[in-house]
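Here's a quick briefing on ring pairs and on one case of helix packing. Have a look at the model first, then read on.

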Amino acid sequence: MTIQTNHLIADLNPEIKDILVSNRRAFFKSSALKLGAMASAPVLLAMTAQNAFGQELPQEVVDVLVFALTLEHIEDAFYRSGLESPGLIPDEYVGIFNQIGKHEAAHVAFLSAALGSSAIERPALDLTAGGKYADALTNFDTYLTLSQTFEDLGVAAYKGQAGVVAVNDDILTVALQIHSVEARHAAIVRKIGGKKPWDGAFDEPMTKEEVLAAAAPFLA
Amino acid sequence: MEIQHDNSRRRLLKWSGAAAATVAVSGAWLPNFGISAALAADLGEGDVGILNYAYALEQLEAAFYTQVIETPYEGITDEETVLLTDIRDHEIEHRDFLKTALADSAIPALEVDFSAVDFTDRASVLGTAMVFEDLGVSAYNGAGKLIEAVAYLAEAGRIVSVEARHAAAIRDLLNPNSVSFAGDDVIDENGLDVVNDPATVLAAADPFIATEVTASSLV
């Protein structure tokens, strides 16, 4: 499913669009029901996100959100590809990976909505990282290794950017809410792989440069 | 001012922001009525208040898992012992880290009340653990925007994802190989985890903490 956020915004009833832009609080009070009748909950939230986050954000915050969206695109594609690969994921774990994939897709949709016209499309990906993980989608052990890598990387990435997005309370909170979901994912994937769900009492952040260096091999 | 000493009055004051006016003078009158510092604590203001808030929660968790390991529930498996011991150690590290960071501003050691928990019963222990872990995650997620200093935000970030890992692991012990680790009861349709403000968290934690704790600046 591709969320065409910009089109959603463009297709809005002008009156509601005005309300969205003019006063978010008033919108919540006066128009939630009206809007809810014509839009599903995720769409509703996506539109409020556009209003809350998409306007007048400092460039460094936009950059962080684009960075986060890039990582979410990788994860989203990774789980879609895995779930579409027959025989890759053992039956007993399909439900878990479906759940993880559902969250990553939601993160892509939410961040895309938040970024509005600054959102990026999914980049071209190479899940084998240039052949290093040639059996990424045929060998479950490899798939698990990559899954853990992406999840732990996501946790470290969001953690590393908290200070940058802290200028906006709403974005900081959303980033933290995604951050802990990625940590839940990381824990379960590690458990499936026979590892401890954690590395210790504290999770360490990574800088944007470190994260991009780790993710770069998967960008085609 | 008429001061009442009965328990209902104390319970009213616990975690109570509404009693802020009274709270402000509590430090002055508590010693006069012979209530020891160990039985009362005000979290304080600003970042100190937030850190003490986290410190209170970590104290609660550390005390809980210490008891879990001291008196293992019936039928505990080796895997469960390993995981729960790790979690205990993490919570103790979190607690001690925050205490050190707070230094002279740290609240006293809290007296806990786990009378509602049956430590011999797996479901009771793990069910309580799940509540604490999910609550901890939601507390840190909600506290982020209240933190002024970026350095403290970073430290909170180092802790919260470990709490989320705990939550997932505990949930998987309760419902193995299910979607519970990040279930729809905690993750919304936008893929976002629970966020709670201090008042909500403290109200949820209240039954487990015997010490009178006031959080006038946070709630």
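Going by ring centres within 6.5 Å for Phe, Tyr and Trp (its six-membered ring), there are 19 aromatic pairs over all chains. This is a predicted model, where local features need pLDDT of at least 70, side-chain atom pairs count only at pLDDT 80 or more, and totals for chains, interfaces and linings use all residues. Residues are numbered from 1 along each chain as its sequence is written, chains are lettered from A and ligands numbered from 1 in the order in which they are written, and side-chain values use heavy atoms, leaving out hydrogens and water.

**Aromatic pairs in chain A**
- Phe78(A) and Tyr143(A) are stacked, because their ring centres sit 4.2 Å apart with planes at 15° (stacked is under 30 degrees, edge-to-face over 60, tilted the rest).
- Phe78(A) is in helix H6 (residues 59-83) and Tyr143(A) in helix H8 (residues 140-165) of chain A, so this pair links parts 65 residues apart in sequence; helices here are DSSP runs (H or I, at least four residues), numbered from the N terminus.
- Both Phe78(A) and Tyr143(A) are buried, meaning under 20% relative accessible area with a 1.4 Å probe, protein chains only.
- Tyr79(A) and Phe97(A) make a tilted pair, 6.1 Å centre to centre with 35° between the planes.
- Both Tyr79(A) and Phe97(A) are buried too.

**Helix contact in chain B**
- Tyr53(B), Leu57(B) and Leu60(B) of H3(B) meet Pro198(B), Val201(B), Leu202(B) and Ala205(B) of H7(B), with contact meaning heavy atoms within 4.5 Å.

Key. Helix = DSSP H or I, 4+ residues; strand = E, 2+ residues; numbered from the N terminus. Buried < 20%, exposed > 50% of the residue type's maximum accessible area, 1.4 Å probe, protein only.
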